[in-house]
Amino acid sequence: MSARTSIQDVLDSVPSTFRGPGGAVAVVKDGELAGQRVWGYADLDARALMTPKTIFPICSISKQMVCLVLTDLLQNDKDHTFVQALEKALHDLLPRDVASNEQLTVERLVAMQSGLRDYWALTVLWGAKPGGRFSIYQDVPQALKRLGGFHFPPGTQMSYCNTNFVTVGLAMEKATGRTLGDLLQEGLFKPAGMNTAAMRPDTERIPPPLVGYEGSEEAGYIPYQNRIEWAADAGIQASLEDMIAYEKFLDREALDLRSAYRKNSQQPYYLDGSPASYGFGLAHGDVDGIKLIGHGGGLAGFRLFRCYLAESRTSVLIMLNSEGDVDAITGHIVRGIAGKAKDQAPLEQIEVDWTGCYLDEQSLLSVGVTQKKPGKLSVSYAGRDESMSLTNSTEAASKKTQVNFESGRLKIRRHRGHDIIARPLQSRTESNDAPSYIGAYRSDGIDSTLHIAGTGRMLYGSFDGYLGQGPAHVMRYLGENVWSLICRRSLDAPAPGEWTMVFHRGSDGNAVTGVTVGCWLARGIYYEKLT
C-alpha cells in the first residue's frame with residue numbers, strides 16, 4: 001500500500017470514529033496535498049453539505065498568521081520606523097504602569113509571557129452577558145484600561161492571553177495606518193494563494209451555509225449564534241482549500257532559513273533562559289514523541305487544529321462545526337500516518353485516599369482531584385479537567401502533566417507552565433457562616449463590582465462593569481474560606497470555567513473584609529467588601 005493511500009485511509013476513518021454534524025480534515029506531505037476527507041453537513045436544518053470551500057472561523061489559528069505578517073514587517077524595517085511606531089502604539093493602547101515595564105516586549109506578548117490578564121475572561125467580571133455583542137474598536141480600548149496590572153512578572157511564566165494579540169493587532173494598525181485585514185491580504189493570503197481567506201471580525205456574519213453546533217450526539221446538537229468581534233486574536237475566516245494552500249506555503253517557508261515562519265517556529269525561551277513551549281502564535285508539542293508545531297482554535301460551536309511535523313514535512317488540518325475533541329483526532333491522524341498504535345499501558349487498579357480540593361497558595365487557584373475508577377484520576381486546574389493514569393499510590397501522569405502527593409501536599413509539574421504546590425482545603429462542618437459572605441465587593445483595579453447573595457451554602461455571585469450587569473452564577477463551597485463560582489458560559493465558549501474565590505477575614509477572624517477572585521487566565525483580582 002502506498003504512503004498516500006495509507007494517509008487517505010487514516011483520514012477516511014475520522015468521520016465514523018469522531019462523530020458529529022460535519023467536518024473536514026487534510027494532510028499535506030512534502031508540500032503537496034496527500035489526502036483530504038470532507039463529510040457531513042455545514043447546516044443540519046438546511047441539509048447543506050460541508051465542502052472544501054465552506055468557510056470557517058479559524059479562531060485562534062489566526063494568531064500565528066498575524067505573527068507571520070508582524071515578523072515580515074519587522075524583518076523589512078531597515079530604518080526602524082515600523083518598530084518605533086509599533087512601540088509608541090503599544091504605549092498609547094496600554095495603561096502607563098503596564099507599558100512602562102521594560103520586560104513587556106512585543107516578543108513577550110506573542111509568546112504568552114506578558115503577565116497580563118486575559119480580557120476575554122475579564123468580560124465576565126465586567127458584566128458581560130452570554131450571547132452579547134462585543135466590539136473591537138469600542139469595547140477593546142476600554143478593556144485595555146481595566147486590566148489591573150500584571151498577574152505575574154513578564155517573561156517568567158506562560159499563560160494564554162488574548163489581550164496580547166488584540167493589543168498587537170491594534171498596534172500594527174496604528175503603526176502602519178492600514179487595517180489588519182489589508183496587511184494580511186498583502187502579506188500572507190495573496191502570496192500563499194488563500195483565495196477566500198479574510199479577516200472577518202464579526203462572528204455573527206459567518207458566510208453561509210456554515211452553522212456551529214453545541215451539544216453531543218447523546219444530548220442533541222444545538223445551533224449556536226456568536227455575536228462578538230475578534231481581531232488579531234481570532235478574527236480570520238478560511239476554507240479547507242485556503243488552509244491547504246497555507247500548509248503548502250508554510251512548507252516552502254520552513255525550508256527558507258530567512259523566512260518569517262522559520263524565525264517564528266524556533267524554540268522560545270523564558271526570561272531566565274529556560275525553554276518555553278509557545279512563541280509567535282505557535283505551540284510546540286508532540287504526539288507520542290513525534291514533535292509538532294501548531295495551534296488549535298475554538299469558538300462556541302467550532303473546534304479546529306493545525307500542525308506541522310518538520311521532521312517528516314507533514315501538515316495535519318482539522319476543522320469541525322461542533323465541539324469535538326480535536327486533540328484526539330490529531331493523535332489519531334499522526335499515529336496513523338506514522339503507523340503507530342496508541343499506547344495502551346496496563347492500567348494498575350490503584351485507588352488513592354488523597355482526592356479532594358486543594359489550593360495553590362501562590363496563584364490562589366483551586367485544584368480538584370477526583371477518582372471515578374481505579375487507576376485513573378481527573379485533575380482540574382487551569383480551566384479544564386485533565387485525565388491522568390496512576391503509576392503508583394502517590395503519583396499520576398498524563399502526556400503534559402505529572403502529579404505527586406507528598407507530605408500532605410499536591411505537587412503538579414506542568415510542561416507548559418510553572419510548577420504548582422497546593423495544600424488540601426479542610427471543609428468546615430460547624431455552624432453555617434454564609435451570611436458573612438453576602439454583600440457587595442469592589443475592585444477598583446479592574447473597575448468591577450461583585451454581588452453575593454443567597455442562603456445557607458447556596459450562594460450566587462454576579463458582576464457589574466462597563467459591559468453591563470452580568471447574570472448570577474452558582475457558587476460552590478470548596479473548604480475553609482474558599483469557594484468556586486461556576487461559569488460555563490460567558491460571551492463565548494470556552495468560558496473561564498470556574499473562578500476561585502478566596503475570602504479574607506479581619507484580625508478577629510470573623511468579619512469578611514474582601515475576596516480574591518481568579519481563574520487561570522486572570523488571577524489575583526482583589527475585591528474589597530463594601531457592605
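Me: Is F249 buried or exposed, at 10% relative accessibility?
Reply: This is a predicted model, in which local features need pLDDT of at least 70, side-chain atom pairs count only at pLDDT 80 or more, and totals for chains, interfaces and linings use all residues. Residues are numbered from 1 along each chain as its sequence is written, and side-chain values use heavy atoms, with hydrogens and water left out. Buried means under 20% relative accessible area, exposed over 50%, and partly exposed in between (1.4 Å probe, protein chains only). Because its relative accessibility is 10%, F249 counts as buried.

Me: Which residues are in contact with F249, leaving aside its neighbours within four places in sequence?
Reply: F249 is placed in helix α11 (residues 240-254); helices are DSSP runs of H or I with at least four residues, strands are runs of E with at least two, and both are numbered from the N terminus. Contact means heavy atoms within 4.5 Å. With the neighbours within four places in sequence left aside, the contacts of F249 are L188, P191 and A192.

Me: What distance separates the C-alpha atoms of F249 and D288?
Reply: Along the chain, F249 and D288 are 39 residues apart.

Me: Which residues form a nonpolar patch on the surface together with Y41?
Reply: Patches are made of residues with over 30% relative accessible area and no salt bridge; like charges are joined within 9 Å, and nonpolar side chains (Val, Leu, Ile, Met, Phe, Trp, Tyr) within 5 Å. Y41 lies in strand β2 (residues 32-43) and counts as partly exposed because its relative accessibility is 32%. The patch has about 250 Å² of accessible area in total, computed by the Shrake-Rupley method with a 1.4 Å probe, where for residues only the protein chains shown count as cover.

Me: Why are K88 and D92 separated by about one helical turn?
Reply: The side chains of K88 and D92 meet in a salt bridge (3.0 Å, N to O), a term for a side-chain nitrogen of Lys or Arg within 4 Å of a carboxyl oxygen of Asp or Glu. Both K88 and D92 are exposed. The separation is about one helical turn because, in helix α4 (residues 81-93), K88 and D92 are 4 residues apart.

Me: How many salt bridges does a search of the whole structure find?
Reply: One example joins R442 to D447 (2.6 Å, N to O), and another joins R258 to D256, with the closest N and O atoms 3.9 Å apart. R133, D202, E204, R205, R227 and E229 are linked in a network of salt bridges. For the whole structure, the search finds 27.

Me: Which three residues supply 59% of the area that domain 1 buries against domain 2?
Reply: Domain bounds come from an automatic or database domain assignment, which divides the chain into domain 1 (10-116 + 151-338), domain 2 (356-424) and domain 3 (434-529). Domain 1 and domain 2 bury about 500 Å² between them, 36% of it on carbon and sulfur atoms, where buried area is the accessible area (1.4 Å probe) that two parts lose on being put together, summed over both. On the side of domain 1, the three residues that supply 59% are Q157, M158 and S277.

Me: How many salt bridges are counted between domain 1 and domain 2?
Reply: In this pair, 7 residues of domain 1 are in contact with 5 residues of domain 2. The C-alpha centres of the two domains lie 29 Å apart. The salt-bridge count between domain 1 and domain 2 is 0.
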